[in-house]
Structure formats: C-alpha cells, structure tokens
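This report walks through one protein chain, from its overall plan to a few single residues. Please keep the sequence and the 3D view side by side while reading.

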Amino acid sequence: MRRILFLISLIIITLTSLSFTEIKKEEKGEVIWIGKCDYFIVETSRFYILIENYYGKDIRLGDKLVGDLHSYNFKELYNVRKDDLQKLYIENYWSGKDSCFEWLKNHNKCGFESE
C-alpha cells in the first residue's frame, strides 16, 4: 500500500512540474518597435526581447507573439495576427527597453553606431 501511495505521489509531482514548465514556456508579448533592419523588440510582462527576423517574415507593430520568449536561440513563435508559426532568433532579453537599443548600438545594427 505504501508503495502504491509513493508511486501516485511521484506521478502527481511529475505531472505538476511538467505543467508548470509548459506554462513558463508560453510567454506572450507584443511587438513594440521594428528597426530598419532585421531586428525588432517585443515587450512581455517581465522583459523586453530583442529578436532577429532571419527569414524575413512579415512582422508588424502590435503583433502578438506567443512561445518560449525568455530564452535564447532560434524559436518557433506563434504570431496571433497571422495565425502562423514563425521561426525567429532571440538575441537577448532585458528588464529595460533601453538595453535593447544599447545592444544594437554596440553591435552597429539598424543604423545605430557606437561612439
């Protein structure tokens, strides 16, 4: 009987942790800035995310993106307006929008030039 209770507890803990992981990866954000290059900024409830649009997909101000926004690398993000998955590259994310512009400036992107 103790073994059965232990197994049930283990299953519940595993399922609970998996569901929290899934919730964490489903971040939602809105495009708030688009550069004259392949970069744009998305605002979520916690961060500002600098994203590179490697594949030239149609991104517009106000687009809502859903997915794993709070980690680096290539991601497939769902664009609500287009009802489509888009493969984009998350360059970085910060607590302030100015940090995104600072990164662009330091890397000479989108017409921003470092001094």
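## Terms and basis

Helices (H or I, at least four residues) and strands (E, at least two) are DSSP runs, numbered from the N terminus. The model is predicted, so that local features need pLDDT of at least 70 and side-chain atom pairs count only at pLDDT 80 or more, while totals for chains, interfaces and linings use all residues. Residues are numbered from 1 along each chain as its sequence is written, and side-chain values use heavy atoms, with hydrogens and water left out.

## Overall plan

The chain holds two helices and six strands, and along the sequence they follow the pattern α-β-β-β-β-β-β-α. Of its 115 residues, 31% count as buried, where buried means under 20% relative accessible area, exposed over 50%, and partly exposed in between (1.4 Å probe, protein chains only).

## The barrel

Strands of a sheet pair through backbone hydrogen bonds, either parallel or antiparallel. Here six strands form a closed barrel in the order 1-2-3-6-5-4, with antiparallel pairing; two strands pair if DSSP finds at least two bridges between them. From one strand to the next, the twist averages 45°, with axes taken as lines fitted to C-alpha atoms, for helices over the stretch in contact, and angles running from 0 to 180 degrees between N-to-C directions.

Strand 5 (residues 73–79) and strand 6 (residues 84–94) run antiparallel and are joined by seven bridges. Asn73 has Ile90 in strand 6 as its bridge partner.

## Helix 2 against the sheet

Helix 2 (residues 97–106) packs on the sheet and touches strand 1 (27–34), strand 2 (39–43), strand 3 (48–52) and strand 6, contact meaning heavy atoms within 4.5 Å. The direction of helix 2 makes about 30° with that of strand 3.

Cys100, Trp103 and Leu104 are buried in helix 2. Seen down the helix axis, the buried residues of helix 2 fall within an arc of 100°, so they line one face of the helix; the arc is that of the directions from the helix axis to the C-beta atoms. Strand 1, strand 2, strand 3 and strand 6 are among the elements that cover these buried residues.

## The loop between strands 3 and 4

Asn53 lies in the loop between strand 3 and strand 4 (64–67), and it counts as buried because its relative accessibility is 7%. Leaving aside neighbours within four places in sequence, Asn53 is in contact with Asp38, Phe40, Ile59 and Leu88.

Tyr55 is found in the loop between strand 3 and strand 4. Not counting residues up to four places away in sequence, Tyr55 touches Phe74 and Lys87. Tyr55 and Leu88 are 33 residues apart in sequence and 7.5 Å apart in space, C-alpha to C-alpha.
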